Amino acid sequence: MVLENSELIIKTFQGLEDVLAQECRQLGFRDIEILNRAVKINGSLKDLYRANYFLRTAIKVLVPVFSFSARNDEELYDGIKKYDWLDVLDPSMTLAIECVLHSEFFTHSKFIAQKTKDAIVDQIRDRTKRRPRVDLENPDFRISLHITEDKIKVFLDSSGDPLFKRGYRIGLHQAPLNEVLAAGLLLIAGWKGKGNLVDPMCGSGTLLIEGAMIAHGLPPGMYREKFGFEVWNGFDQDLYSDVTEEDYHHDKFVAKIVGGDISQKNIRIARENLHRSSLFKKVELVNEAMETFVPPSGGGWMVTNPPYGDRLKMPEINNLYGSLGSRLKHFYKNYQAWVLSGNMSALKNVGLRPSFKKNLVNGSIPCLYSKYDLYEGSLKQSKRQ
Ligand SMILES: C[S@@+](CC[C@H](N)C(=O)[O-])C[C@H]1O[C@@H](n2cnc3c(N)ncnc32)[C@H](O)[C@@H]1O
């Protein structure tokens, strides 16, 4: 595929658009435009590889290939069939189709995906007597259809598996934070590796691992076995090697990254993930309750994602947030504390005035991400209040 100053759509989670745009600026991308849950850039094939490999808050990178109008199934089928699919697809490949619908003409995404697949397979079979197969789990090739009323936009998904599947997660925690959201939380907090980083309720360790990768300048794509674009016609291995071998400057990280969790099982899972990511020497883990955990001295960042209370009932959940607030006041001098929670009423029990708040979504749960400054002055002021 030839890409030169081509439009690329980089998708992310709601609330992370600004952070993603900032990452794009840092990578030197051009014509950055913020969209809803996405950022648009204009770029080359190398930019496409770089976006997939380096962007921490990207979920997938889409390449628009063509668009047309359709108001019913036949028009959709005919429109899809007009594109030369052999230009991008090999009949031996497996494929999957994803649909995003905002239309009164088209309402059933599974049916639309089926119709699109029929048009592609029929065209290739008519021309080659061979047909690509559908594989929803592990396809070679992903096609994304965005339908707004009668406007059909067809994209090729260059990422393959979504980019939050970094490749370091083995152990399954009950409520792990999505890797892209974790990276977004750290970047919103301004974490660049200047100071300590702690998560006293670290679960499977996602914030610690993403934090260590940022602190040590490790690209998020380094653990991936493959990206979607690697099976595309015209994949340029030399160009991709240039990207993975790119020299990027970062200062030596000298502070500490420490995680704690009350659950021994979760600490074991975090340890397995750290081993898989080869970051186990860079992160300390303790099986200890947040109520007794003491962060390293010298200040830094406390970023955490406490339980929201689905399993813990009141008043325990309120007490947990109350204890967190009390620990912050007494043991986290010169830290800035960042808490992501989907339980707004429990969050009030932290008892500190947030200096910044942002609405985010964790899975399908609306959350508030709050910052508390823990300088001597701000603590005295909050005690008075
Ligand atoms: C929502 S999960 C955190 C998930 C984590 N961010 C991840 O990516 O896996 C909350 C964690 O808080 C831990 N936890 C609950 N109460 C705690 C306490 N009092 N002290 C320390 N950890 C606690 C739970 O064991 C759980 O692992």
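A residue counts as buried if 20 or more other C-beta atoms, placed from the backbone, lie within 10 Å of its own, as exposed if 12 or fewer do, and as partly exposed in between. Asp373 is partly exposed, because 18 other C-beta atoms lie within 10 Å. Asp373 belongs to strand β15, residues 365-373 (strands are DSSP runs of E of at least two residues, helices runs of H or I of at least four, both numbered from the N terminus). Asp373 and Asn334 are 39 residues apart along the chain, and their C-alpha atoms are separated by 7.8 Å.

## Basis of the model

This is a predicted model, in which local features need pLDDT of at least 70 and side-chain atom pairs count only at pLDDT 80 or more, while totals for chains, interfaces and linings use all residues. Residues are numbered from 1 along each chain as its sequence is written.

## The eight-stranded sheet

Eight strands form an open sheet with mixed pairing, in the order β2-β3-β1-β4-β8-β7-β5-β6 (two strands pair if DSSP finds at least two bridges between them). At the edges stand β2 (30-35) and β6 (133-134); each has a single partner strand, so one side of each is left without a neighbour in the sheet.

Strand β5 (residues 94-102) pairs with β6 in the parallel sense over two bridges. Thr94 has Arg133 in β6 as its bridge partner. Helix α4 (residues 109-128) packs on the sheet and touches β5, β6 and β7 (141-148), contact meaning C-beta atoms, placed from the backbone, within 7 Å. The direction of α4 makes about 135° with that of β5, where axes are lines fitted to C-alpha atoms, for helices over the stretch in contact, and angles run from 0 to 180 degrees between N-to-C directions.

Conventions
Contact = placed C-beta atoms within 7 Å.
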